[in-house]
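Thanks for coming, everyone. Please look at the sequence and the model on the screen. I will take you through it from the whole chain down to single side chains.

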Amino acid sequence: MAAIDAFTPKLTTTDWNEEWIALQQARRAADSAEHWDERSKTYKQADAPTPYVEAFLEYAGVRPGESVLDMGCGTGALAIPLGGMHHDVIAADFSRGMLDRVREDCERMGIGSVRTELMSWSDDWEAHGVGPKCVDVALASRSIATADLGDSLERLIAVARRRCCITLPTGSSPRTDERILSAIGLQPFLGRDYLYAFMILSNNGYKPEVHYIPSERLDTFGSEEEAFASLRKMVMDASCSMVGGIAVAEALENLRAWLPENLVENPNAGQPDGRGGVQGHLRLREARVTTWAFIGWDV
């Protein structure tokens, strides 16, 4: 009888983090701390949690009295309500501006259980007092799309005694609109970021659970040309070095044709846009929706 070659399943032998690292190198450079310092000036922290925050906290299942690390906390969308529920929270971010907003809102709301740390994913966490098994739950909401996803996941696991929770987009970026990219011919180039985290965790023996959180984004413009310039940037960011010049040029031509049929008058023109400006008189016919994949696992 002829020998039968052993079957090797690629699903469990592929180095998903190696592919992730290569994917990040092909994409645009990560935002700097200075970028987020500037962005923090336009962020307004609402006293009531958003639907995204409510869903995240429900799926996270933080128990009464548990301590939490909120890594990449931004302006405190999670850290502040957790602090309001009397959890001890380490709110860490590499943007000083974001942490300033966290402290201001905690002071305004009388929340004293949130400690801020100016700390990046690549820093020595122990030097910041964030050591092994120092918290019950480690969170990274919309902040873990780092250059080395495997290393970032290991860091969260190392500091958590019970549970870790993250969110990643189901597409390639929260800045991209998959519906538009598909309409103009770039569908084959879209990523599925959350699958990398799921596969890395699964191959390391964890049992990650997944839930989906839709989040709408309001886009308005002062003119059709402004809309084209904004969406052109989205196309270029999504394409990076992964899409050839001819395909990008064709996509931009398709965008020109797509826009007139998909821009409508904005009935809320002139009202605040939630980012420190006012809404333009044009908006997209359909709201842009980013679907976030919530991934939680016990450690």
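I start with the overall picture, then move to the sheets and finish with the salt bridges.

First, a caution. This is a predicted model. Every value I quote is computed from it.

Now the overview. The protein has 299 residues, and 47% of them count as buried. Its secondary structure comes to 11 helices and 10 strands. The accessible surface is about 15200 Å². Carbon and sulfur atoms account for 53% of that surface.

Strands pair through backbone hydrogen bonds, and the pairing can be parallel or antiparallel.

Let me stop at S4, residues 135-140. Is this strand buried or exposed? Of its 6 residues, 6 are buried, so S4 is largely enclosed by the rest of the structure.

S4 pairs with S1, residues 68-71. These two run parallel and are joined by 3 bridges. Which residue of S4 is the bridge partner of Leu-69? That is Ala-138. Asp-70 has Leu-139 as its bridge partner in S4.

S4 also pairs with S5, residues 160-169. That pairing is parallel too, over 5 bridges. Here Ala-140 has Ile-166 in S5 as its bridge partner.

Next, another sheet. This one is open and has 3 strands, in the order S7-S9-S8. Its pairing is antiparallel. The edges are S7, residues 220-221, and S8, residues 263-265. Each of these edge strands has a single partner, so one side of each is left without a neighbour in the sheet. Helix H11, residues 245-262, packs on this sheet. H11 touches S8 and S9, and its direction makes about 25 degrees with that of S8.

How many bridges join S7 to S9? There are 2, and the pairing is antiparallel. S9 covers residues 282-284. Thr-220 stands opposite Arg-283 in S9.

Last topic: charged side chains. The structure holds 15 salt bridges. I will pick out a few.

Begin with Asp-105 and Arg-108. They form a salt bridge, with the closest N and O atoms 3.1 Å apart. Where do these residues sit? Both are in helix H6, residues 96-109. They are 3 residues apart, which means about one helical turn separates them. Their surroundings can be compared by accessibility. Asp-105 has 9% relative accessibility, so it counts as buried. Arg-108, at 47%, is partly exposed.

Now turn to Arg-179. Its side chain meets that of Asp-177 in a salt bridge, at 3.5 Å from N to O. Asp-177 counts as buried, because its relative accessibility is 3%. Arg-179 is partly exposed, at 28%.

Arg-179 also forms a salt bridge with Glu-286, at 3.8 Å from N to O. This pair links distant parts of the chain, 107 residues apart. Arg-179 is in helix H8, residues 178-183. Glu-286 is in the loop between S9 and S10, where S10 spans residues 288-298. At 43% relative accessibility, Glu-286 is partly exposed.

Which residues make up the network of salt bridges around this pair? They are Asp-177, Arg-179, Asp-219, Glu-286 and Arg-288.

That is the tour. Thank you.

Note on methods: Residues are numbered from 1 along each chain as its sequence is written. This is a predicted model: local features need pLDDT of at least 70, side-chain atom pairs count only at pLDDT 80 or more; totals for chains, interfaces and linings use all residues. Side-chain values use heavy atoms; hydrogens and water are left out. Two strands pair if DSSP finds at least two bridges between them. Helices (H or I, at least four residues) and strands (E, at least two) are DSSP runs, numbered from the N terminus. Contact means heavy atoms within 4.5 Å. Axes are lines fitted to C-alpha atoms, for helices over the stretch in contact, and angles run from 0 to 180 degrees between N-to-C directions. A salt bridge is a side-chain nitrogen of Lys or Arg within 4 Å of a carboxyl oxygen of Asp or Glu. Buried means under 20% relative accessible area, exposed over 50%, partly exposed in between (1.4 Å probe, protein chains only). Accessible areas come from the Shrake-Rupley method with a 1.4 Å probe; for residues, only the protein chains shown count as cover.
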